Each structure stands twice: as structure tokens, then as C-alpha cells.
Amino acid sequence: ERTSFPKSVFAAGNARRTAEILKKRSGSGQDQVNTGSQKVRTALIAEIPDRVLSTSEWRDLKSRISRPERFELRMIEGMLSADTDISIAKSLLNYVAAENKTLPYELLLKYLALCVSGGHHSEVSDVYDIMKSCYKTLDTGAYSLFVKGLSQTERWREALIILEDLKKVIAPSSRNYGDAVTGAVLHGDRETAWSLYGELMDQGLTPNQETWRCLFESGVSQRAHTDQLLAILNYMRENQIYPEEKLSRSIKAWFESLPDENWRGTFTSVDPRGVCQSCGTQLESIQLTDDEYVQLKHRVMEDVIEGQDVFNKTTPEELESFKSFVKKRPAFDVIIDGLNVANITPKCVKSETLLAVVSELQGLNILVLGRKHMQHPSRNWNRHDMNQIKQKAHCFFTENISEDDPFLLYAALHSGNHCNFVSRDLMRDHKACLPDSATRRLFFKWQRGHQLVLNNFIPGKKIRFQRTSVYDTVVQNSGRTWHVPYDENGGERSTYEVPQRWLCLCNDV
Amino acid sequence: PQQKPELDLDVWKSVMRSQVSQDDKQKEDREAETGGEEAAGGGSPVERSRTLVDMWRQAGKQVPDDVTEEQLETLAELTTKSSKRKYLRYLAIKEGHKKANREKKEKRKTERSVELVKEETGLEDAEEEGEGEPKLKNTFLMQFWTRSADRLLGWRAAQAMLYGQPLVYDMSYDQHMSRREMENTISQLMETEGWNRRSVDSFHLHFCNLQPDGAYQRELLRRYGQEAWDRLFVTATHQRHVDLFPREDLVYLTADSPNVLRTFDHTKVYIIGAMVDRSIQSGASLANAKRLKLSTARLPLDEYLHWEIGAKNLTLDQMIRILMTVKETGSWEKALEFVPKRKHDGFHHHRS
């Protein structure tokens, strides 16, 4: 039964697979991409010496080079991208210091970046002292690097002071906060870590997964901060964030280490009926609650269809006639995006494809949405087919320059929770019209539960829709269990896809 | 040669440190004089922005060398780091252009003065050879000054105001545009007016929906200056185009229109939306035309050109040059020469 359904378009990795198939089909050479920037980089790296040079050797090298402008800076940039040993960089600094009796700020900054990325903590510390004494203020890039670099060392408290300095100029990023949190956790000061984390959240920033990971790791075998860690999981739930595999492992470890409790975590998957393969719990339904449903319907009407200007997508007259059309008919079971469905196979006559799909859904109360031009008989739009469609389904034809998708969404939402719609369109542009991310997530949830996708159509063969999901892919908790969907390592997920792997946590008392 | 790396490699540190100790002495001296101001980073948003710009300049980011107080205020209002960076980059590029132009001017000036000196000495030689009188040239025209050309063009523009075919610019998009977009729009409008003035058979330009205290008016006055603006041969009005012309004569030109403009009609009044759209709100002018129940049309770009990249909406000055040409010659091939070459790969070979 399971294999008869193709995987949903919203399953993680689907977009990438489709792109690969399309690329193969078009036969484009992949190796042609990237060569441009690669060349520049290799040219840069080729110039970099592979050992420590003396001042005179550097001077030699510079005189031999064809473009001596910004020689030192280009050199250290190359070192940064090639991950060169810092002793070579040091020798370069020595050379510049010997030549100019000082070092330019930019060069020091790049050197600092090299030290931080290489994890040379004592060197970062030295550079900090030097730069602090030489310059009254530093730039935001340097501050960020010092926060990152110093938080790894014994001087991590100074990183907090730097963070304060940074605040005077610009709002620190979640990465800045994250680095400071990591520093605090690393040195066992959990209170500071949590207060920094609280500040980060107050700024309305989205924390990095790394930050969460180190907070969960710091909480292992601790009773303290349990509520705050659970709040992180709730934050993920509310914002539909999925942890990466690494973080999900830390979450599992933290749960399993909780004293006096008996949590057991398993990495598992969920079967199509929404039952966890590991513990047998039924996952949350994808159906919206009544409140959510009303809210979404309202927002779609106001923001997607009317928007700032009704005339953008339709006209007031058309909107009125559509509303009364919908009101006069009983609630629909399925709404078909006529033009989208008809265009699935370019080789077939369009009206034939549409008729086949409508016939397949016989017995349901169907609404076919289309544009007026479909009613004019032509090679693609057979009069006979169209008449049959009109007999089997309700039809509404919009003006040729109106958009039909918003009408589809409205009709589907108006008909109620049982109503599905048929379209291959991912509706990303309509989702983007919604004002806030909460409504957008609501829309996406509704879409996953109600969109029937027709993958391909071969005349004469049985029509198969991709399965709609019955359960919601979101971090969820039911007292004794937590279920956390996570992104697999190496699995690339598009924004409109949801993970397929789950972390199941059970508390067997 | 074998050296001890640890000893050798940190020489630069001692160089920098020794420099600091020297600096410190100087600084102490200076601070004793000024009383040691501690304003770094603190203070007003403008001060903070100034520090930010200074620091980014030091770090080799693309920022302008000089920033005005007004620009710092704009910078302080921007909330995100990337918007600050973009704005500073824009200022830096603008400054770069200005500098390059100034240098070019300077260069030309010196060249000219050198030439002048040469000529003068040459002339002296000639005069010495001749009788010492300035040479009389036999010409049948006085020198044709720019002023004379202006008068001619002004005469033509006046005629166009009386008898020319109207062309309407719809100035009702101030809500849709940011400050930058509005500035760009006005630049394009000025260029449009210039091209129109120089054409043999000018349009009678109408700036409709121009609100007296609106952003368009403000920016136009800033760029033209009150005097030039008052003498401009265009009809600027706060009235709507539908109030000035019969509705059935109006055709709204918009790239989103489903209808193609196949032939240029000399009896119609074409409307162009005076808007630069750098954001993603498509269909604004089509919505406007639908609201007023006007007929719409788009240029036959796909019909004549192998379109490659770029949006189908063209700049206002390109639009008027295309319309002027098709009005004069009736040939779309000639008119669409003004579509930027980067956007297409030549004309279709016509079967007609």
C-alpha cells in the first residue's frame, strides 16, 4: 500500500532530486560551472610560499611578482582561503614590519581572522593586546573575531566586554551572542551563558543551532535550567525550526542524562498514517484548529486576494461574482486548478487531460477554476471536452488577466476542512503575500494537508495523486514523549520541504 | 639557513609594541592638552555612525572618504548591518565617480591651457609675420551658439504644446517608490524631456496626477530649479489623465499588458507610468489601468527581439525614444534599436 504512493513534494530532498533529473535530462555540463572563481583562487594560492621566508626572501618574491599593488594583503587573503600555517603569515608580518616600521590595520585584521579560523588562541590573545593598544576603537569585524577567539581562552570574560563595545556601534548578531554563550559554557559559567541567551532572544534574533547545542550539552546530568531547555524545544515548535542531526544527538543525550528520569531516545521514522515506528504513538494531526482555520481564511482573503490593491489580481466585480458563486453552491470536496492540471503533459490536448482528471474524481463535488479563454474552442480546448467537464463539475472562469490561484485558495478554505485542491503549483508567491511568518507557517501546514499533487499523466493510465500528509511535521510533546523531526547530515532540504527523520524520546517510568 | 622560528617570528609584535609606547607618550602629551576626550563609540546615533564609518574604512571596507552630517543621519536610521553596508557602498561608488570626473576635468583644463599657450605663441609668430591686424574671416553665418539652438528648440516645443500629440506621464506612484527610486525616476524624466525637446516632431508632454506638495514635485523642483521648471514646455497638472482626455483615446502602456501594440496610432494618447520599480511589486500600473477601465498595451518586444535577460520594463527615456522613432518612421525595427543590447540577442528574421 505504501509503495503505490509516490513521495510527497514536501518531503526533504525532493527538490534536489528533481533538479538533478532535470539537469541530467538537459545534459548540461556541470564541470563548466565554478571554473571562473576557482582559477582566481588557485592563482592566488600558487603565489603563496610553502615555508617561512626571511625578510629578504619576501622582498625578492615581491619584486618578482607582476602586480605588486596590495601584495601583502593579497598574500594574506590567499593564506586565509588556503588555510596556510600561521608561521608563514607571521614571517610575512615580520617582513612588512621591517619594511614599514608598522603594520596596516587591514593586515592585522586578516591575520587575526587567520588565527581565529585556525584556533590559535594564544596568538589571538596577543593580537588583541596589540590592536587594543594601537587603536582606540576597532571595526565590527575585529570585534566579532575577538568575541569568537577570546571566548575560547581563559580571557573569555573580556569577550563579554568586547560584546558590550560592539553594542555601542551596531546590534550584535546571533553569532556574536552565540560565541559568547559558547565561551561561558566552556568555562562552566552556565548562569552567564543563560543570561546572554536571554538577551539574544530579547533582541528578537534567531539563535544558531550551535548555540543550542552547547546549551544542551552544558545541561547534561543537570537538574538546573530544565525549563529553559524545554523552552528551546517549544521555540523550535513555534517557529517550525528543525534541528540538524548534530543538535538532535545533543538533545537525545541531554534527555537520557536527566537524573531521576528514564528517557530513552531513538532515531526513527514515521509511517504514512502518522504512527511513530519506534514507540507507536500517533503524531499530531495536520488539520488546523477551528481558530487557526478561521484566521488563515481571513488572511488569505485580505492579503492574498485583495492585498494592497484589489486590482492587482482581479477586479471588485469579479471578486463579488465569485463570492456569490461560491456561496450559492454546496461546499466543494475538491478544487481543481484547471490550467495547471491541463498543462501537465505538453503533448496531450489540454482539455483531454483536464477531463481525465475530473472524471477520475467522479462522485465528489468538484470545482474547476479556469480562465475565460478556455471556453473558446481551439486546438487545445475541445468544445466537447469542455461541455463534459461542465457537466461533471462546477466551473468558474476568471478574466484572462486575473490570477486564478487566489480564487482556488479562497474556494478551498471556504469549503471547509475536508476540502482538498489539485495543483502542482507550490504557491510560494502567494505564501509570500502573507504578512507574518506565523500565518505563513499556518498556510504551509494547511497546504501540506490539503494539496493533491499530480506527478505525471499518461493518457489511458490510472491517475495517481501524491499522498497528502495526515500528521504534522513539527517538534511535539505529549507528556511522556517528545518527537523531534530533524535534518539528516548531507540531506539538502528546500525551504518548502519538511524532514522525514524523527528523534523519538520516551520516558518509561 | 636554520633559524629559531619562535624567536624570529614574533619580531613584528615587538615592533608594534615599541610603536605603541612611543605613541603613548605622544598621546599623553596630547591628552594633557585637550583634557582627554572619551567620546569613542558613545554619544549620539550620528556620532556612533561616524565611528562605524571610520572603523570600516580602516578595515578596508567600501566606504566613502567624506560623509556629510545628513548622510550620517540616514545611516543611523538604517537598522540592519547589511543595509548600512549597502548604503555606504553606494555612497563610496558615487564619491568615486565624482572624483574621477573632477580629475578628468582638471586634466582637460591643464591640456587646454597648454594648447592655449601654444596657440598664442603661434599667433604671435603669425602676427609678426603678417601686418599686425586680426584676420577677417569670410563666413556667411555667425557662430551658431547653443543659445540659438535653444531658441529653435524652444520654438518647436511651443509648437508641440499647441499642435503636438499628447504623451502622458502618470505621476501617481509616489507611494510605491523609495527615495532612491524616486530620484531615479526624476532623472529619467529629465532625460525624457531632453530627448523630446530635441526631436523633430515632439510630443506634447503631460505630467498628470502631479500633486503640488508631493514627492514628485519636490524632487522635480530640486533638480530643475524653480526658474527652469516654470519655463519648461510641458503641461504639469494635478488633474488625472482621464479628466483631460476622452477615455476611449487613452492607452496605458505597461509591460504587464496582455495586448501588444502593433502599430503606433497618431490619434491616441499614450500613458506611461512614471515609476522605477526596484522591488517586487509587479502589476502596479496594470492595476491602475484596470481600475480606470483604460485599454492597455505593451511594446512588441517578444515579437521583434530574441529576448535574453532582464525585465521587459524599460526606462522612461528609452520609452520615449522608441515612441518618437516609431512615430516618425513607423518602423518597429528602427524604434527597438533603443532597447538595451544586453537584454536581447538581435532581431527575429522576419517572415512578415
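**Reading charge in a predicted model**

A: Glu111(B), Glu115(B), Glu119(B) and Glu120(B) gather on the surface in a patch of negative charge. This is a predicted model, in which local features need pLDDT of at least 70, side-chain atom pairs count only at pLDDT 80 or more, and totals for chains, interfaces and linings use all residues. Residues are numbered from 1 along each chain as its sequence is written, chains are lettered from A and ligands numbered from 1 in the order in which they are written, and side-chain values use heavy atoms, with hydrogens and water left out.

Q: What are patches made of, and where is Glu115(B) found?

A: Patches are made of residues with over 30% relative accessible area and no salt bridge, like charges being joined within 9 Å and nonpolar side chains (Val, Leu, Ile, Met, Phe, Trp, Tyr) within 5 Å. Glu115(B) is found in helix 5 (residues 81-129) of chain B, helices being DSSP runs of H or I with at least four residues, and strands runs of E with at least two. Glu115(B) is partly exposed, at a relative accessible area of 48%, where buried means under 20%, exposed over 50% and partly exposed in between (1.4 Å probe, protein chains only).

Q: Which residues form a positive surface patch?

A: Lys and Arg count as positive, Asp and Glu as negative, while His and the chain ends are not counted. The positive patch is formed by Lys61(B), Lys81(B), Arg85(B), Lys86(B) and Arg89(B). Of these, Lys61(B) has its place in the loop between helix 3 (45-58) and helix 4 (69-77) of chain B, and counts as partly exposed at 31% relative accessibility.

Q: Is Glu72(A), as a salt-bridge partner, buried or exposed?

A: The side chain of Glu72(A) meets that of Lys62(A) in a salt bridge (3.3 Å, N to O). Glu72(A) is buried, with a relative accessible area of 18%, whereas Lys62(A) counts as partly exposed at 25%.

Technical notes: Areas by Shrake-Rupley, 256 points an atom, 1.4 Å probe, with all protein chains shown as cover. Salt bridge = Lys/Arg side-chain N within 4 Å of Asp/Glu carboxyl O. Charge placed at Lys NZ, Arg CZ, Asp CG, Glu CD.
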